[in-house]
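Subject: Structure handover

Hello,

Here is the structure for you to take over. My notes on what was found in it follow below.

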Amino acid sequence: MDVMLEVQNLSVNYRGRQALEDVSLALGAGELVGLIGPNGAGKSTLLQAMLGLVPCRGQVLFQGAPLRRQRRSVAYVPQRSRIDWDYPITAGQVATMAQSALAGWFRQPSQQARQRVTVALERVDLLHLCDRPIGQLSGGQQQRVFLARALAQGADLLLLDEPFTGIDKKTEALMLGIFTELQAEGKTMVVCSHEWGNALNRYDRLLLLNRRLLANDTPSAVMTFDNIQQAYGQGPQLSDSTSPYADFFC
Ligand code: ADP
Ligand code: MG
């Protein structure tokens, strides 16, 4: 495997409470990876620790050098619930944000940067809503704006936190299509998810997290009764069709 990202012994403490314990993993170029686990498992914390956004112990290397010094190559799509949707900013401005941060906040984005944003908004089918305040868009459209921002950045590694939560079918299909294209371009994607079921088979690999990394393998190898029980601390009720496990073992 052509290793792109290496996480070595990563641990995070929030006021003395351990949110991540000794997580190590390596991801290759062109991999679509699902980061799964229950609420509070530390999925968001792991992405943020990789980016250097929360204090941590351990190392995160991107193409052999510390990732926090190569933020240009990494795009981050935060969890929707952590974004202030009342902030007065348009979809186009959000999609341009990564470019502004890279060029320097007080400089106008270059013609080239603006062109990249236009292409990215077209790719997520949102160019027509470019001047609309972000707060007025649907959940799926908001998610697509953030994906456009990541695309415009031209990053090699994309970290996406719960992008499939609360979105419409059109957005889901569009995002999956783009993920496939990005894989073909050799980009690596880590996608957090608390969803269960057959949708997890879309990933090349699953990382099952609950403070520690419990499993790191193909979806069929990770989706076992023992692993789920270990991560969720209770046995699945296979007979109950409303159980999150219901179509997991079919
Ligand atoms: P997940 O994304 O898997 O739901 P999180 O990474 O958000 O999990 O949270 C992991 C644990 O760390 C939870 O117990 C959460 O309450 C705690 N936590 C997350 N962020 C903070 C923070 N900024 N300060 C203190 N505790 C936090
Ligand atoms: Mg989270």
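**Helix packing**

H3 and H4 are oblique to each other, because their axes cross at roughly 135 degrees, and angles between 115 and 145 degrees fall in neither the roughly perpendicular nor the roughly antiparallel class. Please keep in mind throughout that this is a predicted model. The axes of helix H3 (residues 111-123) and H4 come within 8 Å, and the crossing is right-handed. On the H3 side the contact is made by Arg116, Val117, Ala120, Leu121 and Arg123, which meet Ala148, Leu151 and Ala152 of H4. By class, the contact of H3 with H4 has 6 nonpolar and 2 charged residues, with no polar ones.

H4 (residues 139-153) also packs on helix H5 (residues 169-184), here at an angle of about 15 degrees and with the axes 10 Å apart. That angle is under 35 degrees, so H4 counts as roughly parallel to H5. The crossing of H4 and H5 is left-handed. From H4, the residues involved are Gly140, Gln141, Gln143, Arg144, Leu147 and Leu151. Their partners in H5 are Lys170, Thr171, Leu174, Met175, Ile178, Phe179 and Leu182. The contact of H4 with H5 divides into 7 nonpolar, 4 polar and 2 charged residues. Leu151 is listed in the contact of H4 with H5 and also in the contact of H3 with H4.

Thr171 lies in helix H5 and is buried, with a relative accessible area of 0%.

Which residues coordinate the magnesium ion (ligand 2)? The donors are Ser44, through OG, and Gln79, through OE1, at 2.1 to 2.4 Å. The pair links distant parts of the chain, 35 residues apart: Ser44 sits in helix H1 (residues 43-50), and Gln79 in the loop between strand E6 (74-77) and helix H2 (91-103). Both Ser44 and Gln79 are buried.

Gly52 follows H1 and has a positive phi, near 80 degrees.

**Arg80**

The loop between E6 and H2 also holds Arg80. Is Arg80 buried or partly exposed? Its relative accessible area is 23%, so Arg80 is partly exposed, the cut-off for buried being under 20%. Not counting residues up to four places away in sequence, Arg80 touches Trp85, Gly139, Gln142, Gln143 and Thr165. The C-alpha atoms of Arg80 and Asp161 are separated by 8.0 Å, although the two residues are 81 apart along the chain.

**The chain as a whole**

The chain has 7 helices and 10 strands. Of its 250 residues, 52% count as buried. Taking contacts between residues at least 6 apart in sequence, 68% join residues at least 24 apart.

Regards

Conventions
Residues numbered from 1 in each chain as written. Chains lettered and ligands numbered in written order. Predicted model: local features only at pLDDT ≥ 70, side-chain atom pairs only at ≥ 80, totals over all residues. Heavy atoms only, no water. Donors = N, O, S within 2.8 Å, 3.2 Å for Na, K, Ca; no water. Helix = DSSP H or I, 4+ residues; strand = E, 2+ residues; numbered from the N terminus. Buried < 20%, exposed > 50% of the residue type's maximum accessible area, 1.4 Å probe, protein only. Axes fitted to C-alpha atoms, helices over the stretch in contact; angles between N-to-C directions. Parallel < 35°, antiparallel > 145°, perpendicular 65-115°, else oblique. Left-handed = near helix turned anticlockwise from the far one by under 90°. Contact = heavy atoms within 4.5 Å. Nonpolar A, V, L, I, M, F, W, Y, C, P; charged D, E, K, R; others polar.
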